[in-house]
Amino acid sequence: MIRRFLPAAIGMALLAAGASVYATPAHAQGANNYRLMTGPQGGVWVPLGGALKNIWEKAIPGLSVQTLPGAGIANVRGIDEDRAEIGFGNSISTVDGINGAEPYPRKTTNVCQLASLYPQYFQIVVNEDSGINSVRDLRGKAIAVQTRGNTAEIITQHILRANGLSYSDMRVNFLPSYNDAVSLLKDGHAQAFTLGTTIPASSVMDLATSRRIRVLDLSQSVDAMKRINAGYNAIALPANTYPNQPAAVTKIGYAAHLVVSCKLPEERVYAMLKAINDNLRDLVAVNRAMEGINPRAMAEDIGVPFHPGARRFYREQGVNL
């Protein structure tokens with residue numbers, strides 16, 4: 001049975017409150033007013049978005065950046081549909097947009113690559129007393145996932161399919177933030193939640209302050225996941241990343257990156273990327289997974305066309321594209 005956690009009235013109120021922001025055409029925002037779509041509360045994209053806003057507004061005179069909530073797929077669609085100029089994305093789902101694969105209704109044509117940032121980890125976290133030791137043990141349990149269409153929600157569908165399961169085999173709560181998922185597990189109203197973010201995830205650490213947790217090893221699902229989307233890979237979650245996790249476990253990995261509207265001026269995108277490169281320490285302070293990042297790593301080809309301004313910057317840094 002699929003259960004929606006937020007009452008319909010609250011959902012409608014949130015949609016109404018956000019309509020004025022998301023419905024505003026890009027051209028009405030002004031040449032120096034950009035919208036940056038981040039991620040759900042409890043993930044790293046929100047604080048990273050705040051750091052980028054500060055970097056860009058200090059480095060580029062007159063630029064104003066508004067940070068907005070979002071998620072990987074929603075951000076890519078938002079940029080493609082002129083509801084935002086900048087956004088975080090996930091390599092696997094952004095490439096799906098370029099190719100017009102589900103869940104996108106059509107190919108995206110206005111989404112350009114700015115920079116690859118760090119590896120993302122798809123994680124399944126359960127309460128230790130839940131009796132869940134593998135993905136297949138989710139059958140009959142209550143789980144918490146992101147709202148429909150978000151990247152981690154799509155990956156959740158994929159890993160269930162890889163294990164012969166579907167949402168119909170469990171009770172599903174679709175939630176707008178990882179913090180909401182943690183609240184359900186703390187109260188015992190759900191036994192597991194799925195998320196896609198960097199490590200250690202603040203939401204998982206929060207849960208571990210109240211409950212003993214278990215992070216599931218996903219090694220048995222890697223081959224089946226790669227058959228669903230070739231962009232998936234096995235990535236190790238080091239031992240002691242989280243409390244009560246004495247050994248390394250395998251997670252599903254992919255890349256987090258920044259995308260921009262292809263309509264943005266070349267000079268502006270060049271300046272934005274240069275500002276990122278000049279202030280990488282500020283971003284590493286927010287997300288340690290970015291430690292050691294450099295222009296060559298940022299210019300990784302993930303199958304998304306580079307913006308001309310980004311291409312110019314990387315070539316000046318000696319990177320062959």
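Analyst: Let's start with the second largest cavity, whose lining has 6 nonpolar, 4 polar and 2 charged residues (Ala, Val, Leu, Ile, Met, Phe, Trp, Tyr, Cys and Pro count as nonpolar, Asp, Glu, Lys and Arg as charged, and the others, Gly among them, as polar). This is a predicted model, in which local features need pLDDT of at least 70 and side-chain atom pairs count only at pLDDT 80 or more, while totals for chains, interfaces and linings use all residues. Residues are numbered from 1 along each chain as its sequence is written, and side-chain values use heavy atoms, with hydrogens and water left out.

The second largest cavity holds about 50 Å³ of space (a volume is the space filled by probe spheres set on grid points, which are joined across faces, edges and corners). Its lining is formed by Ile73, Ile92, Ser93, Asp96, Glu102, Pro103, Thr151, Ile154, Ile155, His158, Asn229 and Tyr232. Two elements, α4 (91-99) and α5, each give two or more residues to that lining (helices, H or I of at least four residues, and strands, E of at least two, are DSSP runs numbered from the N terminus). Of these, α5 contributes the most, with 4 residues.

Two of the lining residues, Glu102 and Pro103, deserve a look at the backbone: a cis peptide bond joins them, with omega about 10°. Pro103 sits in the loop between α4 and β5.

Helix α5 (residues 151-162) supplies the largest share of the pocket lining, 5 residues. By class, the pocket is lined by 6 nonpolar, 4 polar and 3 charged residues.

On a 1 Å grid over the protein atoms alone, a cavity is where a 1.4 Å probe fits but cannot get out, whereas a pocket is an open set with protein on both sides within 12 Å along at least five of seven lines; lining residues have an atom within 4 Å of a point. In the whole structure, the search finds 3 cavities of 30 Å³ or more.

The largest cavity contains about 110 Å³ of space. It has 17 lining residues, and Pro40, Trp45, Gln120, Tyr178 and Gly196 lie nearest its centre. Here β5 (111-127), α5 and β8 (192-197) are the elements that give two or more residues. Its lining divides into 8 nonpolar, 9 polar and no charged residues.

Beyond β8, the loop between β8 and α7 (202-208) holds Pro200. A cis peptide bond joins Ile199 and Pro200, with omega about -10°. Another backbone feature to check is Asn240, which has a positive phi of about 65° although it is not a glycine. You will find Asn240 in the loop between β10 (233-237) and β11 (249-261).

Now for the helix packing. Helix α2 (residues 45-59) and α9 pack at an angle of about 115°, their axes 9 Å apart (axes are lines fitted to C-alpha atoms, for helices over the stretch in contact, and angles run from 0 to 180 degrees between N-to-C directions). In this contact, Leu52, Ile55, Trp56 and Ala59 of α2 meet Met272, Ala275 and Ile276 of α9 (contact means heavy atoms within 4.5 Å). The residues of this contact divide into 7 nonpolar, no polar and no charged.

Helix α9 (residues 266-278) also packs with helix α12 (residues 308-316), at an angle of about 50° and with the axes 7 Å apart. The contact is made by Glu266, Glu267, Val269, Tyr270, Leu273, Lys274 and Asn277 of α9 and Pro308, Gly309, Ala310, Arg312, Phe313, Tyr314 and Glu316 of α12. By class, this contact has 7 nonpolar, 2 polar and 5 charged residues.
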